[in-house]
Amino acid sequence: MPEPMIEAVSLSKQFGRIVAVDDISFSVRVGEVLGFLGPNGAGKTTTMRMLTGYLRPTKGEVSVCGINMLSDPVKAKAKIGYLPEGAPLYPEMTPSTLLRFTGQARGMGGEELANRMDAIADQVHLREVWDQSIETLSKGYKRRLGLAQAILHDPQVLILDEPTDGLDPNQKREVRQLVRDMARSKAIIISTHILEEVNAVCTRAVILAQGRIVADGTPSELESMASDHNAVSILLPRPEASGFAQKLQGIASVRTVQVIDREEDQCLVQAYPIQGSPILKEVTDLIRDQKVSILELRQEPGRLDEVFRNLTLPAEETIQGGQA
Ligand SMILES: Nc1ncnc2c1ncn2[C@@H]1O[C@H](COP(=O)(O)OP(=O)(O)OP(=O)(O)O)[C@@H](O)[C@H]1O
Ligand SMILES: [Mg+2]
C-alpha cells in the first residue's frame, strides 16, 4: 500500500467552550478521494483548515507527504492545494491577475506559469471571464476561480471544501470528472452536502457529527448500513400483488414485506431481508415458481441519506428498517 499523503492523528479543535473537532484520525493515499460528509457545524471546514495549516489544532498532529504541518508549515503547505469555503479574496482583481499573483506567491513564474494559467483557463472554463473583475463574477465562476487557484501549482494533496457548491449541473459534472482525473496522481479530500457526489467521486467517505467520525468506509460499505440494503423491489400488476406479497413473507430470510400502491394499476412490493443478507435468489425463484408477471425488479444497494440521517440525528428521529 502506498504511504499516506495526508495523515491526521487525534486532531481536536476547541473554540472557547465549543468542541468543533473532537479527536479524529484518518489518512489519505494517492488515488483516494476521501469525502467529508456531515450536517452543518459538524466540523468539516474546521478539520480542513487544520489540515491546510490555516488553523492551529488544540491537540493532535497533521502531516503532509511525511512533513509535519506544525513544525514545518511552509514546506508542508507547498504540497497542498486548498479550496476554502466561500468566495475568493481580492474582489478588485481579475481571474488572470489573481492567478498570476497566486502563482508568483507559490514561486512560479515565466513560461511555466503562463503555460499553467493557459491550461487552467480551459480546464475550469474561466476563459470567458479572464479579464473581468472578480466582484462582478457569478457565484459559479467565483467557485471555479477558487478551484483554479487551488490546483495552479499542481499540488500532490488537494483539500476542497464543497467544490461544487454554487455550480450549475453541467459544471458540477465537469468538476467531479476533474476531481476523478486528478485523483490518479494525488490524494484528495472533498467535503460535500450532496450525497450523490459520494458515489460519483469518492473512493471513501467519513461521516462527521458533532466533531467526531461516526462512520468511515467505501460508498458501498456505508450504503450497506441502510435498513433497505439488499431489499428487493418488484413492480407488478395490482391483482397479483397481495398474493405474491404473502408468498414472499413465507421466505425464511425475509423479515418484512411492504406493498405500495402505484399508478396505472400497478403495485410495488418490497421485501426486506433479515440483517441485510441477500435474498435476490429466493425472490427470483419464487417469481419463477409462481409465474408472476413482473414489470420491474431491483435489488437496493441501500440509501445513503438514511444512513446519514441515522448517524447524525438524535436517536428518536432515526428511521427504522422497512418503515421508511
Ligand atoms: N472561528 C470560530 N470561532 C468559534 N466557533 C467556530 C469557529 N469556526 C467554527 N466554529 C464552530 O465550530 C463548529 C464546526 O464548524 P465548521 O464550520 O467546521 O462546520 P462544517 O461541518 O464545515 O459546517 P457546514 O456544513 O455548515 O459548512 C460549529 O459549531 C461552528 O460554529
Ligand atoms: Mg463548512
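Predicted model: local features only at pLDDT ≥ 70, side-chain atom pairs only at ≥ 80, totals over all residues.
**Domains**

Let us start with the overall layout. The protein splits into domain 1, residues 4-223, and domain 2, residues 232-300. Taken over C-alpha atoms, the centres of domain 1 and domain 2 are 44 Å apart.

**Around ligand 1**

Next comes the ligand. The shell around ligand 1 is made up of F15, I18, A20, G38, N40, G41, A42, G43, K44, T45 and T46. Which elements supply at least two residues each of this shell? They are β2 (18-29) and α1 (44-51). The largest share belongs to α1, which gives three residues to the shell around ligand 1. Sorted by class, the shell has four nonpolar, six polar and one charged residues.

Now to the helices. Two packed helices are described by the angle between their axes and the distance between the axes.

| Helix pair | Angle between axes | Distance between axes |
|---|---|---|
| α3 (95-105) and α4 (110-123) | about 135° | 10 Å |
| α9 (238-249) and α10 (280-290) | roughly 135° | within 11 Å |
| α3 and α5 (139-151) | about 25° | 10 Å |

Take α3 and α4 to begin with. They pack at an angle of about 135°, and α3 and α4 are therefore oblique to each other. The crossing of α3 past α4 is right-handed. On the α3 side, the contact is made by L99, R100 and G103, while α4 brings L113, R116 and M117. By class, the residues of this contact of α3 with α4 are three nonpolar, one polar and two charged.

Helix α3 has another packing to look at, with α5. How are α3 and α5 oriented to each other, roughly parallel or roughly antiparallel? Their axes make an angle of about 25°, and because angles under 35 degrees count as roughly parallel, that is how α3 and α5 are described. Here too α3 makes a right-handed crossing, passing α5. The contact joins P95, L98, L99 and T102 of α3 to L145, A148 and Q149 of α5. This contact of α3 with α5 has five nonpolar, two polar and no charged residues.

The remaining pair is α9 and α10. Their axes come within 11 Å and cross at roughly 135°, so α9 and α10 are oblique to each other. The crossing of α9 past α10 is right-handed. Which residues make this contact? F244, K247 and L248 come from α9, and V283, L286 and Q290 come from α10. In the contact of α9 with α10, the residues divide into four nonpolar, one polar and one charged.

Key:
Residues numbered from 1 in each chain as written. Chains lettered and ligands numbered in written order. Domains from an automatic or database assignment. Near = placed C-beta within 6 Å. Helix = DSSP H or I, 4+ residues; strand = E, 2+ residues; numbered from the N terminus. Nonpolar A, V, L, I, M, F, W, Y, C, P; charged D, E, K, R; others polar. Axes fitted to C-alpha atoms, helices over the stretch in contact; angles between N-to-C directions. Parallel < 35°, antiparallel > 145°, perpendicular 65-115°, else oblique. Left-handed = near helix turned anticlockwise from the far one by under 90°. Contact = placed C-beta atoms within 7 Å.
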